[in-house]
Amino acid sequence: MKTTTAILTGLLALAACQSPKENEKTTMETKEIVKDVFPKGTELKDNPNFSGKAWLQTMVVPADSFGCTVGNVTFAPGCRNNWHSHKGGQLLLCTSGKGYYQEKGKPIRQLNPGDVVKIAPDVVHWHGAAPDSEFTHIAIGTQLDKGGVTWLEPVTDEEYNSYGK
Ligand code: MN
């Protein structure tokens, strides 16, 4: 009888240990579902401000008169935009894949689904995909009345490969 109780207790302990793993799995599945909520849009062709393949689905334009723009941007693995800044700032809502974000003079920050990046006006930065993953974020251009984007030089391979170094 005592042995049976010990085995049962052991099984219950095992079950308890497995619960968090099950929860993690559910969370991951939820993140996968988020991936296709918004359309991928059309490929940006011959855009000098992107280092490779990228797609844009425009959702809110200046003519809508909300004082902001909203777009769904997808970067192919390794693709990033040039260094740039936004006169009125920008918000990035990360929805799928693994991305990179860097402000001038700071280390690269990895981005994951659910991350929110708040970019203050005139802060020089770039964003894009990690080398081994596509990456999608919703980009919100804020305070449009202050002005638009100022594009600068491309991100060098040395800068891009500095993640974690
Ligand atoms: Mn930006």
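**Reading the model**

Modeller: Thr42 touches Ala54, Trp55 and Leu56, leaving aside residues up to four places away in sequence. Please keep in mind throughout that this is a predicted model.

Colleague: Where is Thr42 found, and is it buried or exposed?

Modeller: Thr42 is found in strand 1, and it counts as exposed because its relative accessible area is 56%, where exposed means over 50%. The C-alpha atoms of Thr42 and Val73 are separated by 9.6 Å, although the two residues are 31 apart along the chain.

Colleague: In what order do the six strands of the open sheet lie, and how do they pair?

Modeller: In general, strands of a sheet pair through backbone hydrogen bonds, and they do so either parallel or antiparallel. Here six strands form an open sheet in the order 1-2-3-10-5-8, with antiparallel pairing. Strand 1 and strand 8 (116-119) stand at the edges with a single partner strand each, so one side of each has no neighbour in the sheet.

Colleague: What should I note about the loops, taking Asn49, Asp122 and Gln143 in turn?

Modeller: Asn49 is found in the loop between strand 1 (42-43) and strand 2 (54-60), and it counts as buried because its relative accessible area of 15% is under 20%. Its contacts, not counting residues up to four places away in sequence, are Arg80, Asn81, Asn82 and Trp151. Asp122, in the loop between strand 8 and strand 9 (125-129), has phi near 70 degrees, a positive value in a residue other than glycine, and at 44% relative accessibility it counts as partly exposed. Gln143 lies in the loop between strand 10 and strand 11; its phi is also positive, at about 50 degrees, although it is not a glycine, and with a relative accessible area of 34% it is partly exposed.

Colleague: How much space lies in the largest pocket, and which residues lie nearest its centre?

Modeller: Rolling a probe the size of a water molecule over the atoms shows where empty space is left. In this model about 530 Å³ of space lies in the largest pocket, which is lined by 33 residues, with Thr69, His86, Gln90, Ala139 and Val149 nearest its centre. The elements that give two or more residues to this lining are strand 2, strand 3 (69-75), strand 4 (84-86), strand 10 (135-141) and strand 11 (149-151). Strand 3 gives the most, with five residues. By class, the lining has 15 nonpolar, 17 polar and one charged residues.

Colleague: Which protein atoms are donors of the manganese ion?

Modeller: The protein donors are His84 (NE2), His86 (NE2), Gln90 (OE1), His125 (NE2) and His127 (NE2), which lie 2.1 to 2.3 Å from the manganese ion. Along the chain these donors follow the spacing H-x1-H-x3-Q-x34-H-x1-H. Both His86 and Gln90 are buried, and these two are also among the residues nearest the centre of the largest pocket.

How values were computed: Residues numbered from 1 in each chain as written. Predicted model: local features only at pLDDT ≥ 70, side-chain atom pairs only at ≥ 80, totals over all residues. Heavy atoms only, no water. Helix = DSSP H or I, 4+ residues; strand = E, 2+ residues; numbered from the N terminus. Buried < 20%, exposed > 50% of the residue type's maximum accessible area, 1.4 Å probe, protein only. Contact = heavy atoms within 4.5 Å. 1 Å grid on protein atoms, 1.4 Å probe; cavity = no way out; pocket = protein on both sides within 12 Å on 5 of 7 lines; lining within 4 Å. Points joined across faces, edges and corners; volume = space filled by probe spheres on them. Nonpolar A, V, L, I, M, F, W, Y, C, P; charged D, E, K, R; others polar. Donors = N, O, S within 2.8 Å, 3.2 Å for Na, K, Ca; no water. Pairing = 2+ DSSP bridges.
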